[in-house]
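The exercises below are to be worked with the sequence and the coordinates at hand. Each task is followed by a solution in steps.

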Amino acid sequence: MSAGTTGGDWLPPPQDVVEQALAAAAPGSDHCVVIVEETSEVEVRYANSTTTTNGSRRDRRVTVISMRQVDGGVSAGVARRGGDVDVAELADAAERDAAESPPADDAFPLLLPGEAHASSGARQRFDAPPARTELSVLSGVLTGLSHSFGRARPAGHVLAGFAEHRQTTEYLGTSTGLRLAHAQPQGALHLVARSADGTDSTWAGAGTTDFSDVSVEGLYAGLEQRLAWGARRLEQPAGRYEVLLPPSAVGDLMVSLAYELSGRNAEDGRTVFSLPGGGTRVGQRLSTLPFDLRSDPSEPGLECASFLTTTSSSADTSVFDNGLRLDRTDWIAGGSLDRLRYHRAGAARSGTTAAGFIGNLTLEVDGAAGSLEDLVSRTERGLLLTCLWYIREVDPATMLLTGLTRDGVYVVEDGKVIGAANNFRFNESPVDLLARVTEVGTSVRALGREFGEYFNRTRMPPIRVPDFNMSSVSQAS
Amino acid sequence: MRYVAHSPGPLDATALGAARDAALSRARDLGCSDAELRVERLRSQQVRLRDARLEGAADDIELGMGVRVVVDGAMGFAASVATGGGAAAALVDEAVEMARTIARAGGDRVELADEPGHGAVAWSSAYVIDPVDVPLAEKVGLLSEWSDRLLASGSVDHVTADVLAVTEDKYYADLRGTEATQRRVRVHPTVEAFAVDPDGGFETMRTVAPPVGRGWEYLHGDGWDWDAELAAVPGLLADKVRAPSIVAGTYDLVVDPTNLWLTIHESIGHATELDRAMGYEAAYAGTSFATFDQLGSLRYGSEIMHVTGDRTTPHGLATVAIDDEGVPGQSFDLVRGGILVGYQLDRSIAAISGLGASNGCAFADSPLHVPIQRMANVSLQPSEGGGPTTDELIGGVDRGLYIVGDKSWSIDMQRYNFQFTGQRFFRIEGGRLAGQVRDVAYQATTTEFWGSMEAVGGRSTYLLGGAFNCGKGQPGQVAPVSHGCPSVLVRGVRVLNAREESGR
C-alpha cells in the first residue's frame, strides 16, 4: 500500500508504472511491452420504477509482456496484475512464462516509434493523467429518471434499465521506445417500459460519449408510443416474414459477423468465410447491394484508439503488434468481402497486410436514405422489430444464428403500424441476410441490445429483409 | 484422492484487519444500517493451443476492495483496486455519497432480510494441486500431448486445446460480526477437434468433460477419464462427418447429463431466480414465466421432477461457506413433485418478497462489482433406489435421439422458448443406438419439455456439469455454477434440421 501520489487515489502515476515495469523487465527480457489500463466508472440501475443497485469504481491493470530469444524463435510471456502492483514480481512472472514458452507463431519485431506512425495526439496523451468520470455525468439521467418514474406510475407503466459512464485510459510503453496513450469516454443507457401486467414490453437504448445527447424523457416518450401500439394484439404464427430490422438489431448481427472475420480461421476452413478446398472468400460478392462494413478510428462521433493494444495473442491478434497503427479498414466494400483480420506475422505468411481489431463498426450503403419510419411508410405488409436477444451461433459453417425478437414486434400494413404481435425465435445467418436485403436506410449511431455491452460504438442502417425466418413463436413478452 | 486442508490464501491478515476496522468504524460513524467489506484476489490463468502449438497464455491477478452500505434506506456501492485502511474509509464515504445522491432520483426504501452474525469463518474448496502453481511449461506440455493424440488419428484436421484455471481468495466482513476468509479453486479444460470438408463446410467434436471445482489433479484423471475421452474423439468425429443429416420432426429424446445440465441452467436455474421473477432483471437478463404468485402451484414438469438449489455440493462451482452478503451456503428445494416450491434469494429480494431469510444466493464476480442474486448449483435429482441406466432409458424408445454434450444454446427473456444443439446425436431405433445424425437442434417450451419427462435415470447416470461463464446483471457479471443431473427420457420433442433452418 503506498500513499497516494496523484492526489488521494492511493496509486502512483501510470507513466511511472510503465517506466518502472520496463526497467524491471529489461534485464530478463530481450524486449518487453507494458500496458497500464486505467478505468473510472459510475453506474446506476433501475427496475420497477425505482433505482436499485449502483456503483462507483476505479480499476487499474498493469500488463507486462516479456519477449525472449529461445531455440527456434522468440517467445512471449504475459502477466497481468491489478492495483498498486509490485513491478518486480510482475516482471518476474512474465519473464518466467516467456522462458517456459516455445517460440511464438505470432513473433514479429516490435514496432519502432518511426514505424508505428502513431498520431501525435496518442504520443502527447501519454504525459497526461488518466481520465476520470464522476456521478455528476449522470445528473441529467437521474433527473430524467425522477420525472419519468413520476409519469410512468399513473400511466400504468413500469420502467427498468441501466445507465453507465466509463473513462478508460490505456498507456502503452515498449522497450523499442513507443510511448502512446488513448483515453476513451463511453456511455450507454437502456430504458425498458413494461405494461403493469407484464404482457407488453419495449426498449430504447443509446450509446454516447458524455450523455449530453441523451434524454431519458425523450426516450420514454418514444416508448409510450410503442406501448400504445401494443393495445391491439395481433398474434402471428411462425414462418417467413418481410421484416424491418432497426439499427440496433442490425448492429447486433453485424458485430456477430465482425467477430468471425478472422483470416487464420478462414484459411483453416473453420468459418463461413472459408473457401471450399482452401483459402478465403475475400473478393467474393456477398450482396448485390453495395454494402460497406468498416472500422475507422476517426469515424465522426465514434472515435476510438488509433493504435492497437492487446494483452493476449489469438488467431489474428498478437501481443507483438502492440502500438500498430489502426486505419480505416473496409471489411466489406461495395458488397464484396474485402479484408479479414490478421496480425503482422499471419499477414506475412498469407501474403496480405495486417488488419487489427478496431473499436467501432459502421455498416452503410453509399447514398441510401431514409429512417426506420420511412421504411415503415413504404411497407405493404410486414413486421417491425425493436431489437434482438440471446443471439447464439448454431452452425459456424453457415454462420447460422438463433435468437429472439424482444421488446416489441409490430405488424405493419399499408405503411402504418396496426398493432403488436407476439415474439419469435429466429434462425438466420447475417451473411445470408446481406444477400437478401432489399432496402437500406440511413446509418445512425445505434446501441446493440445484446452486444452493445461489449461493443458500444456502431453506426447502422435500418434494413428490409423480405423473407426473415421466424422459426417458432415465443410466449415471452 | 485425499484433499488436504489449505490455508485460506495469500491475503495479508494485518492489512485486512486494518481495512476492516477502518471501513466498518467509518460506516458506523456515518449511520449505516448495513455495511460489508470485501477484499478479493482473483488469480486466473488461461492457456490456449492451436494444432498443438501455443497460441496465447495469460496470468492475471485481480486485486481490489468493494464496500456496500445501506444508509437512510438507500444502497450505495464503491470499489477500487487500492487496498488498505485509508482507501477503505474513503470507499465508505464514496458509497454513502452514491446511496444518497441516487436515492434522490426516486427510489423505494431498501431493506435487507435480517441475518445474524456468523463470527469468524475460514473455508477452502476441496482440491489437491493449486492450478496456478503449475508451471506454464507443464500446462503447455500436457495440452500439446493431448492435441498430438488427436492430430495423429488421421481423421482430425485441426485441434484447439485450452484450460482456464482460477484461484479465488475472498475476504468478507460486515457490521453484524461475520468475518469470512474463503478460497475456491476451479479448472476448465477443453479440447476440440475439427474435420474440414474439402468441398466446403466442417464438423467439430469437443470434449464433454465439465468445468469443476477441483485443482490441477482433474487433468491427471481425478474426476474424469481424459485418456478414454481423448481416445474416443477422433472416431466420434469421423462418424459425425459421415452421418446423414437429421430429418426434422418430433422425436423422443434421451438426453445425457453432458447436454441436460445446460437445459436445466437456462430453463430452471434462471427461471427460479426471484429477482428475475419480480422484475428486477427486466431490462437485461429478463423476467420469468414462473411468477411469484404461482409459488406452490405452478406445474413445472412431470411428477418425477425434483430440482434442488445448493451452495454446498463438493466440487460445485457455486459452492461457498458464506455468500457475499454474509449468509451461510445451504440447500433447498425449487421444484418438488413437478411443482414450483422455491426460489433462489438474496437478502434484498428475501425482504421484498416477505419470504424471510435469504437462502444464500448473493455473489459478486469481482471485488469491483456489487453482489447480486446469482445462481446456486441447481440440480435435477436422480430417481431413488437404483433407477434406470442410460441404456435402459434408450431401451424404452422406439424412434428417437440420444443427445450428448452441449454446444449452442438460446432461450427467451421469460424462459419459455429454448433451442439447444449438442456435440453428437445418435439415432435410436427399436430401443438401440443406430449411428449418428448431424445438424440437430431441439426446440421446446420449458413446461412442455419438463412435463414430457417420462423417466429420470438413476444415481449411476448422475454427473455434475456446469459453466464458468453465466452472465447476469448490469454491468455484466460472470459467475461459475454447477448443475448435477441424471440422463432423462423426454417424449415428443420438436427437432429441427439446422441446415434447413439456414435456408440451404
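**Exercise 1. Size of the interface**

How much area is buried between chain B and chain A, and what percentage of it do carbon and sulfur atoms give?

Solution. The model is a predicted one.
- Step 1: The area buried between chain B and chain A comes to about 7,600 Å².
- Step 2: Carbon and sulfur atoms give 50% of that area.
- Step 3: On the side of chain B, the residues that lose the most area to chain A are B:R50, B:M413 and B:Q474, which together make up 9% of what that side buries.
- Step 4: In terms of contacts, 92 residues of chain B touch 90 residues of chain A.

**Exercise 2. Polar and charged pairs across the interface**

Solution. 
- Step 1: There are seven salt bridges between chain B and chain A.
- Step 2: A salt bridge links A:R61 to B:E62, with 3.3 Å between the closest N and O atoms. This pair qualifies because the cut-off is 4 Å between a side-chain nitrogen of Lys or Arg and a carboxyl oxygen of Asp or Glu.
- Step 3: Polar contacts join 48 residue pairs across the interface of chain B and chain A, counting pairs with both residues at pLDDT 80 or more.
- Step 4: Strand β2 (residues 53-71) of chain B supplies eleven residues, the largest share of the side of chain B that touches chain A.
- Step 5: Sorted by class, that side of chain B has 41 nonpolar, 30 polar and 21 charged residues.

**Exercise 3. A strand pairing between chains**

In which sense do strand β2 (residues 50-70) of chain A and strand β3 (residues 74-80) of chain B pair, and over how many bridges?

Solution. 
- Step 1: The two strands, β2 of chain A and β3 of chain B, pair in the parallel sense.
- Step 2: The pairing extends over three bridges.

**Exercise 4. Strand β11 of chain A**

Solution. 
- Step 1: Four of the five residues of β11(A) are buried, and the strand is mostly covered.
- Step 2: Strand β8 (residues 291-295) of chain A pairs with β11(A) in the antiparallel sense over four bridges. Here A:R294 has A:T362 as its bridge partner.
- Step 3: Strand β18 (residues 458-460) of chain A runs parallel to β11(A) and is joined to it by two bridges. In this pairing A:L361 is bridged to A:T458.

**Exercise 5. A sheet in chain B**

What is the order of the four strands in the open sheet of chain B that contains β9?

Solution. 
- Step 1: The order is β11-β10-β9-β14, with antiparallel pairing.
- Step 2: The edge strands of chain B are β11 (339-340) and β14 (377-380), each pairing on one side only.
- Step 3: Between β9 (residues 307-310) and β10 (residues 331-336) of chain B there are four bridges. One residue pair here is B:D310 opposite B:S331.

**Exercise 6. Local backbone and side-chain features**

Solution. 
- Step 1: B:R38, in strand β1 (residues 34-50) of chain B, is buried at 3% relative accessibility. Its side chain reaches the backbone oxygen of B:H369 at 2.6 Å.
- Step 2: A:Y390 is not a glycine, but its phi is positive, near 50°. A:Y390 lies in strand β12 (residues 381-395) of chain A and is buried, with a relative accessible area of 9%.
- Step 3: B:D51 also has a phi near 50°, and sits in the loop between β1 and β2 of chain B.
- Step 4: The peptide bond between B:Q474 and B:P475 is cis, with omega about -5°. B:P475 is in the loop between β22 (463-472) and β23 (477-485) of chain B.

Methods:
Residues are numbered from 1 along each chain as its sequence is written. Chains are lettered from A and ligands numbered from 1 in the order in which they are written. This is a predicted model: local features need pLDDT of at least 70, side-chain atom pairs count only at pLDDT 80 or more; totals for chains, interfaces and linings use all residues. Side-chain values use heavy atoms; hydrogens and water are left out. Contact means heavy atoms within 4.5 Å. Buried area is the accessible area (1.4 Å probe) that two parts lose on being put together, summed over both. A polar contact is a pair of N or O atoms within 3.5 Å; within protein, one must be able to donate a hydrogen and the other to accept it, and residues adjacent in sequence count only if both atoms are side-chain atoms. Ala, Val, Leu, Ile, Met, Phe, Trp, Tyr, Cys and Pro count as nonpolar, Asp, Glu, Lys and Arg as charged, and the others, Gly among them, as polar. Two strands pair if DSSP finds at least two bridges between them. Buried means under 20% relative accessible area, exposed over 50%, partly exposed in between (1.4 Å probe, protein chains only).
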